[in-house]
Amino acid sequence: MAKKTKKGKITIDRELCKGCYLCISVCPSHLIAVSDKLNQKGYYPAEYMETDSKEKNRKCTGCTMCAITCPDIAIEVYRG
Amino acid sequence: MIGEAAVRAGCRFYAGYPITPQNELAEYTASAMARLEDGTFIQAESEIAAINMLIGASMAGARVMTSSSGPGISLKQEGISFLAAMELPAVIVNTMRGGPGLGNIAPAQGDYFQATRGGGHGDYRTIVLAPASGQELAGLTRKAFEYADEYKTPVFILGDGMMGQMMEPVEFPEPIDPRSLPPKPWILDGAKGRPSRIIKSLLLDTSVEEDHNWKLTRKYERITREIARADTYMTTDARLVVTAYGTAARIAKGAIKRARELGLKVGLFRPVTLWPFPKRALVEMSRQVKDFLVFEMSTGQMLEDVKLSLEGRSNVHFYGRPGGIISTPDEIAKVINTLYHRQHLNED
Amino acid sequence: MAKKVFQRPKYLKKAVFHYCPGCGHSIIHRLIAEIIEELDIGEKVIGVPPAGCAVLAYDYFDVDMGESPHGRGAAVATGIKRILPDRIVFSYQGDGDIAAIGTAETIHAANRGENITTIFVNNGVYGMTGGQMAPTTLAGQNSTTTPGGRDVKRDGFPLDLSEMLAIARGSVYIERTAVNSPKNIMRTKRAITKAFKAQMDGLGFSLVEILSPCPTNWKLSSVDACKWVEESMVKTFPLKVIKDEVEGAIS
């Protein structure tokens, strides 16, 4: 039987992000990175990497760990 | 007496801390609130806690009261400043005693500055009512709650231990059911069917704080126009007018009666509101009266308001007995007599 | 079709938090707002924010909020609750607010069994005034007023306020949690929910102490601040249910 993996997706509001990077530290699939472009507040915001180019099996499951941890409610999570 | 008048005025929340000489008030209120279904009495852990409980209960819309004496009122000042800043109604009774410091528990009037100049930090005033009889105390307690609600501001009833112990027959006004009072459209009672509300005093933006200060000032000006009040006694033909409030005014009245028996034309000007000070009435009186004798149970505090009001229009004399000393009418009559002759007021 | 499974809760206004990056206050605000929504008490809640960083909480919560003078949250909340006993009243207080200047008000509110809920945010420093020693600063911890670290002989010991409040007979539920990891954040949410429910059931005083990172004043990165909670803070302030007289009593 094929193993069902949950499909998820997140969006990060780059203007709400203050660059604490707690989301990066908790994402089990390592799908969040630091943007190389400053936001208007002067932070390098966190950025969601849709799919990891190196390891195709790393996918967002919509586990919400990043959003639960984000102090600034910059992350919304979608599932299904 | 204040306790009964407060409950009849619809007060349903009292919090206080024991301090002499005003414990009878708290004790009476404890029993009165216990008899009411919707009454709350809390013996707080401190004066500070008590005034802050008033802040909460006032935010929730109740008519609220606390009482204390000098040292306790000093402790409450932070909360009173917040009440003024957040425009919350509250009634605070100060039964003044000798001071500064622990002082003593005898009747005195040394808290006039503290009461009439705001008392706590920042740019604000509190309404200060000074009853001189039991009957007036009952009436002014009702007024205190009305003013507090109308102007959304803390109101002081400033008395002393003498008044606290007075035994006089009093007719109380009819009791008010607090539910019959007009609803307050600003209270915090849960944002049901309306936008959420904030009651706060923090105004970090300096221009917003300045606007708030001027708004409060305009309110204080309105209060001054609308409620400043004084009582007079035998002033029509008076050449010397004694100016005194509260217990001192009662003593002065007795002295004036004696002086009149000696044929001296003496009257009494008794501020009922200490803030706003009844400046206009006093200035009006200065058209015919060139000598005022300020008598206080302090070293001279209301004296400054009399001088500021008269701005040199008349002579202002002073006699004070601080420290809890209660002058007799005879003592004051002698002071009047001496002054009357020294100023040649007996000559035509 | 993708379904949104995480979004800004209804009872937070659409305002950007003024808190520093990685600040625990923001997370705790969100949790409280989520709980208010989940318990469907948004029209019955009255919050009492403190003096300190969280004074501006009233700019974020979209429920009735009444400011308290520094440390007096428990007294202000008492006043509100006594007049409106069917509303849900919570005070939100920092460690300096609740465990230094407001100790008396808090202990006596707990002892009277006031039916209110207190959220006690413990980050071990006075944040808003710039990182001075708090009653909960750890032994050896640096602050702007404990040069060389808190010396317990000179500066006294960190205060176990929650344990003290548990002794008070009127308290019914006291738990210490943290918001330094997703697991602890979820635990904090359960604790606050339970505290609110205890109040809704009229049981008495409930409090949740939350160890909360202050990266700015700790002079750590946000990630390291979360680690520091785990590695240092919990040794002095262990995460646990300190008092629970609620189990079985909640409807």
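Modeller: Start with β2(C), where C:V45 and C:G47 point one way, C:I46 and C:V48 point the other way, and all are buried. Buried here means that 20 or more other C-beta atoms lie within 10 Å of the residue's own; 12 or fewer would be exposed, anything in between partly exposed, and C-beta atoms are placed from the backbone. In a regular strand, side chains alternate between the two faces of the sheet. Strands are DSSP runs of E with at least two residues, helices are runs of H or I with at least four, and both are numbered from the N terminus.

This is a predicted model: local features need pLDDT of at least 70, side-chain atom pairs count only at pLDDT 80 or more, and totals for chains, interfaces and linings use all residues. Residues are numbered from 1 along each chain as its sequence is written, while chains are lettered from A and ligands numbered from 1 in the order in which they are written.

Now the neighbours of the strand. β2(C) pairs with β4 (residues 88-94) of chain C in the parallel sense, over four bridges. Strands pair if DSSP finds at least two bridges between them. C:G47 has C:F90 as its bridge partner in β4(C). β2(C) also pairs with β3(C), again in the parallel sense, over two bridges. There, C:I46 stands opposite C:D64.

Two bridges join β3(C) to strand β7 (residues 198-199) of chain B, and the two run parallel. C:G66 in β3(C) stands opposite B:I199.

Ala, Val, Leu, Ile, Met, Phe, Trp, Tyr, Cys and Pro count as nonpolar, Asp, Glu, Lys and Arg as charged, and the others, Gly among them, as polar.

Chain C touches chain A too. Here 23 residues of chain A are in contact with 23 residues of chain C. α1 (22-26), α2 (65-69) and β4 (75-79) of chain A each supply at least two residues of the chain A side. That side has twelve nonpolar, six polar and five charged residues. Three bridges join β4(A) to strand β1 (residues 3-6) of chain C, and these strands run antiparallel. A:R79 has C:K3 as its bridge partner in β1(C).

Back to chain B. Chain B is divided into domain 1 (2-190 + 214-226) and domain 2 (232-342); such bounds come from an automatic or database domain assignment. The C-alpha centres of the two domains of chain B lie 27 Å apart. In chain B, 26 residues of domain 1 are in contact with 22 residues of domain 2. The largest share of the domain 1 side, four residues, comes from α5(B). By class, that side has 15 nonpolar, eight polar and three charged residues.

Chain B also holds an open sheet of five strands, in the order β8-β10-β9-β12-β13, with mixed pairing. Its edge strands are β8 (230-233) and β13 (315-320), each pairing on one side only. Within chain B, four bridges join β9 (residues 240-243) to β12 (residues 291-296), which run parallel. B:V242 has B:L293 as its bridge partner in β12(B).

How values were computed. Contact = placed C-beta atoms within 7 Å.
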